[in-house]
Amino acid sequence: MSLTATDVKKIAYLARLGIAEQDIEHYAQDLSGILDLMTQMGQLDTQGVQPMSHPLDQTQRLRPDQVTETDQRGNFQLIAPQTEAGLYLVPKVIE
Amino acid sequence: MHKLSLSELAAGLRAKQFSSVELTQHYLQRIARRPELNAYITVTGERALAQAAAADAALAKGEAGPLTGIPLAHKDIFCTEGVKTSCGSKMLDNFIAPYNATVVEKLDAARMVTLGKLNMDEFAMGSSNETSHYGPVLNPWAPDCVPGGSSGGSAAAVAAGLAPIATGTDTGGSIRQPAALCGITGLKPTYGRVSRWGMIAYASSLDQGGPMARSAADAALLLQAMAGFDPKDSTSADLPVPDYGETLQNSLQGLKIGLPEQFFSADLDSGIASVIEAAVNEYRQLGASVQTVSLPSLELAIPAYYVIASAECSSNLSRFDGVRFGYRCQNPQDLTDLYVRSRGEAFGAEVKRRILMGTYALSAGYYDAYYLKAQQVRRLISNDFRQALAQVDVLMGPVTPAPAFRLGEKTGDPVQMYLSDIYTIAVNLAGLPAMSIPAGFSGGKPVGLHLIGGYFAEQYLLQIAHQYQQATGWHQQFPADYAG
């Protein structure tokens, strides 16, 4: 199976991941090679096999609904690219 | 001093042969003298000396624990409050973590001295340390070769005596493979044994932190301080932590070793095959019996792993969006441009490949064929291990199909790079504990022996490794260029 340049552009957009135009073809080749590797799984019959998402088959542990964290907004925003009045700034979304 | 074990260092500190400040200075000088290895991303000299002075005060008051005043270095994937945590990426080159990882908290509480943060493949995605934004790390045994990855900085630093011990993480072999290629002892614990809180996530159902050391006895001491239940990690195992040192001296009489036939295929380097054979014979001398076992689905571990790991990576790395922390592009035109260019400019090629693969595997129409299928293959692989470990106590084999390869040799072909993970990644899919211990050399380069045990059998693995290290001297070999 192989991926085309158009496929790569579509996937890159889904992932909001910028890929330089001149690199698209190279990614298409690399990803096609990886996809060939992944497609090998098709040869194994897995009908009725329960999918495994956790190595010990544990389910998510629940905790009591209690406040344990303190407000550290100031501390966390120290490392933000751009903030104002306690808010994270991004380019205008609504005109 | 850089050839002493952790217990020898602890004894030296107690007997006042040297202070923690002197010991720390010794390591800081060695790090400064040998920059060519590129093992460290950040050296925290001042902090280290302050921690060492505090450790000396604790020692003087008789308040010292087994690790007090002993230096270590962290893989740069563990968040360290107030110190850059880059994860080997341009994305986090400006990231000063606002809190400590649980592992860092625990080792600080044990009064260990942090020398700095170690180089690694970008976001732990790589098998050669060549995907790091900070450049490759060299193998101290062969400077034209890779140290392995992703914990390449950890392995090279411990092998070259630039840290007595280090932390690492293992998602598909990232502790064991560099440990093997650099001739040190690495332990990947059972999934859930060591807290993942504050350990930057790559593939959350596979990631696990562990010690990278000069011996099994040293690894046991560090694991003791790293392991344990953490309510902050929702997949942390709520089980008591045994005393890892308690059984090290016990005999291996009656030990049943299984050799998975799929680990000894024609692709295996002949030098490695003979080292493994000699190591297994050594175990026979120690009272073990040996039989062949089978892991029939092993061959599909690589595709299953790269689907699951890429899928989890594409999801985990969506948090790097240029908004709350990390890299942001200049002059974004709109919000989409901000996301697309920040991520496009700051992630390297391998990280991009895996995000793209993962996004594809999870996208509408492909989920069942890739992600669901991979999770089913994962179940079959896990069942293979359960069946094999029902017959024997431990599985043994090679860690890698070949010794350290040359820098640049596999960077052009991602599939070739992935195939070199054949023996390690199945263990992560099953969530089992495993070790790599030095067992000899092939063409002058170190070879690791792979030990794979049952769930939470770290104590047993450490005993099996320690008994071998009592009978042999491979773990005491030091690369000549770094001995002095």
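Helix α1 of chain A and helix α11 of chain B are roughly perpendicular to each other, a class that covers angles of 65 to 115 degrees, whereas angles under 35 degrees count as roughly parallel, those over 145 as roughly antiparallel and the rest as oblique. The axes of α1(A), residues 5–14, and α11(B), residues 349–362, come within 9 Å and cross at roughly 90°. Helices (H or I, at least four residues) and strands (E, at least two) are DSSP runs numbered from the N terminus, and axes are lines fitted to C-alpha atoms, for helices over the stretch in contact, with angles running from 0 to 180 degrees between N-to-C directions. The model is predicted, with local features needing pLDDT of at least 70 and side-chain atom pairs counting only at pLDDT 80 or more, while totals for chains, interfaces and linings use all residues. Residues are numbered from 1 along each chain as its sequence is written, chains are lettered from A and ligands numbered from 1 in the order in which they are written, and side-chain values use heavy atoms, with hydrogens and water left out.

Between these two helices, A:Ile11, A:Ala12 and A:Leu14 of α1(A) meet B:Leu356, B:Thr359 and B:Tyr360 of α11(B), where contact means heavy atoms within 4.5 Å. The residues of this contact comprise five nonpolar, one polar and no charged; Ala, Val, Leu, Ile, Met, Phe, Trp, Tyr, Cys and Pro count as nonpolar, Asp, Glu, Lys and Arg as charged, and the others, Gly among them, as polar. Helix α11(B) also packs with helix α9 of chain B (residues 301–316), at an angle of about 100° and with the axes 7 Å apart, and these two helices are therefore roughly perpendicular to each other. The contact of α9(B) with α11(B) has eight nonpolar, four polar and one charged residues.

Over all chains, a search of the whole structure finds 16 aromatic pairs, a pair being rings of Phe, Tyr and Trp (its six-membered ring) with centres within 6.5 Å, classed as stacked when the planes are under 30 degrees apart, edge-to-face when over 60 and tilted otherwise. The ring centres of B:Tyr366 and B:Tyr370 are 6.4 Å apart and the planes stand at 40°, so this pair is tilted. B:Tyr366 is partly exposed at a relative accessible area of 32%, whereas B:Tyr370 is buried at 5%; buried means under 20% relative accessible area, exposed over 50% and partly exposed in between (1.4 Å probe, protein chains only). One aromatic cluster is formed by B:Phe95, B:Phe123, B:Phe320, B:Phe325 and B:Phe347.

B:Lys232 lies over the face of B:Trp197, at 4.2 Å from the ring centre, and A:Arg16 lies over that of A:Tyr13 at 4.3 Å, the criterion being NZ of Lys or CZ of Arg within 6 Å of the ring centre and within 35 degrees of the ring normal. B:Trp197 is also among the residues touched by B:Asn100, which is buried at 11% relative accessibility and is found in the loop between β2 (71–75) and α4 (102–109) of chain B.

In helix α12 of chain B (residues 367–391), B:Ser382 is buried, with a relative accessible area of 2%. Apart from neighbours within four places in sequence, B:Ser382 is in contact with A:Met52, B:Ala430 and B:Tyr455.

Most residues other than glycine have a negative phi, and most peptide bonds are trans. B:Asn129, however, has a positive phi near 65° and is buried at 0% relative accessible area, whereas B:Lys16, with a positive phi of about 60°, is exposed at 63%. The peptide bond from B:Gly149 to B:Ser150 is cis, with omega near 10°.
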